[in-house]
Amino acid sequence: MGLGMRSRCVSACLWMGLWATTAVGVGTVNAAPSKGGDGKPTVVFDIPKMTAKDALMRFAQQTSTPLLVSFELVTSIEANALIGEFTVADGLHRLLAGTGLVGTIERGVIGVRIDPVPDQRNVASSEENTHMSETKEAPLLKRLGTAIATAIFATSGAGAIAAPGDTYEMEIEEVIVTATYRETDLMDTPQSIGTLSSDTIEALGATDMRGLFQNITGLNMSERELAGGNRYTIRGVSSPTGHEPSAQTSAAVSVYLDDVPMTSAQSPVQQFGGNMFDMERVEVLKGPQGTLYGEGSVGGTIRFIQKKPQLGETTWKIKGNTSTMSSSDDLGHRLDGVVNLPVTEDFAIRLMGFSTKRQGWIDKTDTGEKDANSEASSGGRLAALWAVNRGLSVEANYYKTELETEGSMAAQSRFTEGLNVRLPGRRPFSKDEVNIFSLGVDYAFDFANLELAFSNLDRKRASELESTTTIAAFIDSFVQLRTLIRAPANPTEIPTLLAEGWILSPTFSLPIKNLAGFNLNDMMSSDRNTVEARLVSTTESVLAWTAGLFWKDSNDDRVSIQPLSLIPSLIGQPAITALYTEAFANPANSHFDKVNQISVFGEATFAFSDTFSVTLGGRYTDLEQSLQGSTAATTDKVFSPKLGVAWYPVDGTLTYFNITTGFRPGNLNVGQESNEHIFRQAGDTVIPGTPFAPNPNNLTGNQAADLAASLVSYQGDEVVNYEVGIKTRLFDDRWNLTAAVYYFDWKDTILRFSQNDLPAISRTYNDNAGAAHSVGIEVDLVGNLMENLRMTLGGDINRAELDEAVGAIPSGTKLPNAPEWRAHITLDYTWLFAGDMALDFMVNHTTLAGTLSSLAIAPSVVPSRRQTDMRILLSGSDENWSASLFATNVTNQDEITFDCGSPGFPICLGFQQPRVIGLEVTLQR
């Protein structure tokens with residue numbers, strides 16, 4: 001933010017002066033050299049036919065070259081399409097051939113002026129010639145006096161413009177997004193997209209989504225006590241349940257890393273959080289995205305877009321910081337590095353790596369451990385780009401990250417945890433490891449671009465959490481009840497156990513009976529292969545279209561085991577040991593899921609005029625899901641349509657209306673399948689009721705098994721979203737205002753229910769018997785309060801609630817993880833001094849309303865919270881170095897961020913990270 005602002009200010013002053021002093025003798029680009037004939041590097045261009053103003057800005061962006069041009073000259077002139085690989089000089093000539101304009105390159109600056117000798121082979125239309133002659137009549141110095149200097153950098157994809165006159169002011173930066181699989185200006189894209197550029201990410205000091213989500217209107221993120229345990233909510237829509245292995249669900253928000261689908265299929269709280277170093281931008285597509293992004297996008301889609309290798313340029317960047325945290329005795333650090341190397345003129349590689357440690361601040365009082373909840377991450381990426389010829393390019397990527405925590409991220413108070421039982425030699429931990437291989441192939445036909453994306457995702461997660469004595473009593477009661485149910489078929493089992501000292505009292509009462517302690521060990525893995533083929537039109541016509549095919553083969557496995565310790569008097573007793581070993585091999589703890597999917601999708605936009613267009617789209621998905629060792633399966637055959645209308649009532653103002661849809665696949669309740677297996681062992685014998693697991697209808701084993709079997713599978717749910725939005729440029733393009741009103745209609749909502757007729761401890765299951773809605777409004781305002789002072793302001797109001805009762809939970813109950821309001825503001829001021837050095841001051845404040853932790857009769861409430869971050873950045877005149885002093889959570893707020901409590905585990909809270917103060921240094925070229 002600030003660094004980019006400073007660069008644009010310097011550029012505005014420098015380039016206008018440079019033009020004036022070097023106008024005579026500037027080399028003119030008026031002949032098209034052969035490709036690479038002069039040994040200069042080439043660039044792969046993708047610029048459709050458009051106005052010369054927009055085409056030149058796009059050209060400057062794709063070549064990472066500053067641009068000097070008077071928009072008076074180029075606003076009403078149409079440039080040529082430029083598709084393919086050319087040198088910068090050749091590309092500029094082709095772009096402007098026949099337009100009456102000529103491009104110049106001097107000292108790394110692109111300039112544009114009237115061609116004194118127009119190319120007679122490409123004569124412009126009579127209307128354009130009239131405009132050209134009128135423009136020529138204006139004195140050169142007057143045109144230069146109104147010149148607009150644009151510095152466009154490949155790292156941000158944004159331009160800033162100096163306004164006419166002696167007083168320097170900036171137009172707001174242009175942000176390019178690819179949400180529709182083609183490059184579009186954010187303000188001209190008729191859908192709601194939250195975008196954070198690399199400059200913004202760096203200014204906020206974010207290393208993952210925890211440091212960003214509160215600055216994206218409509219997005220909420222809740223954490224769990226595990227590495228990579230993220231749950232995303234967009235506009236109040238997320239999966240309100242489903243993180244337990246016995247009744248898990250897929251996520252309701254889809255996540256992509258470039259073209260690789262990262263959406264969690266195992267739990268909504270296992271979502272990828274991203275590493276933010278060397279990230280081009282983050283795009284949050286709000287509202288269902290079923291047409292282009294498929295399943296799991298009922299709430300929206302998050303896209304992490306990494307920087308690509310650059311041909312013809314050697315660059316590198318190293319960034320390191322160290323920090324201290326309030327209430328912690330340890331230091332934190334982070335080290336990032338990236339290098340871009342052109343191997344040949346057609347081939348380049350990009351190598352990135354990072355390592356970070358976050359200090360702990362929670363003390364485990366019963367063992368005397370200090371700062372027990374530390375976190376470390378590391379990883380890197382190797383990317384290679386090969387421009388085979390003018391139409392064909394190939395990009396290969398290998399990406400790897402590891403995130404690991406020691407101790408627990410949850411506690412009973414902000415700084416202490418003393419209720420969890422420590423089993424000897426089993427310290428709590430969590431680890432999340434991601435490996436991705438991906439290959440992208442792009443080929444430019446005359447009428448469209450063919451984009452092929454192949455990927456393999458290998459993700460492994462492991463964790464072990466400690467429990468309290470109460471949850472150990474809970475599990476012990478489950479084992480006792482299970483033994484009672486199967487007693488008719490095993491008449492000697494209970495007497496044998498009692499003879500070894502076993503205590504039979506399945507009433508969930510303290511003190512604990514047989515178990516001394518109990519842990520939760522969860523292991524998950526995903527092996528996913530995907531292929532996507534897209535054909536995206538490139539011709540300049542009234543019809544723009546996209547068509548594609550998607551295939552996925554995914555194996556998602558989850559195994560939960562429960563390391564335990566018996567009370568000392570029972571250790572070594574053979575029958576008791578065998579009983580608990582068998583119990584903890586319960587099938588309800590395993591979930592081996594296989595998904596096969598194929599989808600066909602398409603979208604077309606027809607422009608009835610320059611100001612009005614209609615978009616139609618649809619996606620048909622055939623998804624089959626099966627469970628290893630089970631006869632149950634689910635099938636989802638879904639069509640996801642889309643309708644969009646865009647209208648420009650006045651210049652610079654876009655209004656739109658969209659109807660979009662999305663779906664989430666169904667799954668299986670393996671806990672109920674386990675119940676069925678257990679109940680069958682009782683046959684026609686009535687299952688004994690207990691205070692902890694009553695049998696109100698005196699069901700026999702077979703009757704209870706039939707009831708459990710009817711609850712094993714459930715299908716997917718679907719969302720239809722209605723949205724009206726406006727995007728407008730204000731005050732001579734120095735402010736951008738976006739606003740949207742939306743209504744989600746959520747049908748067959750996957751929710752948790754309880755079957756109280758089951759004589760079992762595990763009576764909960766997921767089903768489609770629910771319905772809900774979400775309605776709200778979002779507003780974002782970005783602009784310049786004064787010279788060098790920029791403000792970003794955003795907020796939303798949302799109401800997400802049930803439309804139907806869920807058991808004893810009435811309709812109208814608010815959905816969990818859905819704050820009713822949120823707001824954020826960022827102020828960024830740049831001060832130039834000592835020539836070209838700059839000092840940037842940034843302050844960012846976010847506030848978030850409280851949310852329900854779960855959908856229950858008496859859920860706990862995660863209270864509202866706020867946070868203020870600050871950064872002071874000093875950068876050198878050549879921008880090759882910078883140093884910053886930063887502080888997060890300046891006021892040291894200590895609110896609760898998540899509640900992981902459950903029956904038998906009532907106190908499990910996550911807390912806001914204490915204040916962190918640090919120093920960061922960056923070197924780059």
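Residues are numbered from 1 along each chain as its sequence is written. In this predicted model, local features need pLDDT of at least 70, side-chain atom pairs count only at pLDDT 80 or more, and totals for chains, interfaces and linings use all residues, while side-chain values use heavy atoms, with hydrogens and water left out.

Start with the largest nonpolar core, which has 50 residues. Such a core is a set of buried Ala, Val, Leu, Ile, Met, Phe, Trp, Tyr and Cys residues joined through side-chain atoms within 4.5 Å. Buried means under 20% relative accessible area, with a 1.4 Å probe and protein chains only. Ile485, Ile576, Tyr580, Phe679 and Leu802 have the most contacts inside this core. Elements giving two or more residues to it include helix H9 (469–485) and strand S26 (515–537). Helices (H or I, at least four residues) and strands (E, at least two) are DSSP runs, numbered from the N terminus. H9 gives the largest share, seven residues. A second, separate core has 29 residues, among them Ile234 and Met276.

Now follow strand S26. Strands pair if DSSP finds at least two bridges between them. S26 pairs with strand S25 (residues 448–466) in the antiparallel sense over 19 bridges. There, Leu452 stands opposite Ala533. S26 also runs antiparallel to strand S27 (residues 543–561), joined by 16 bridges. Five residues lie between S26 and S27, which form a hairpin.

Elsewhere, five strands form an open sheet with mixed pairing, in the order S10-S15-S16-S13-S14. Its edge strands are S10 (193–197) and S14 (260–261).
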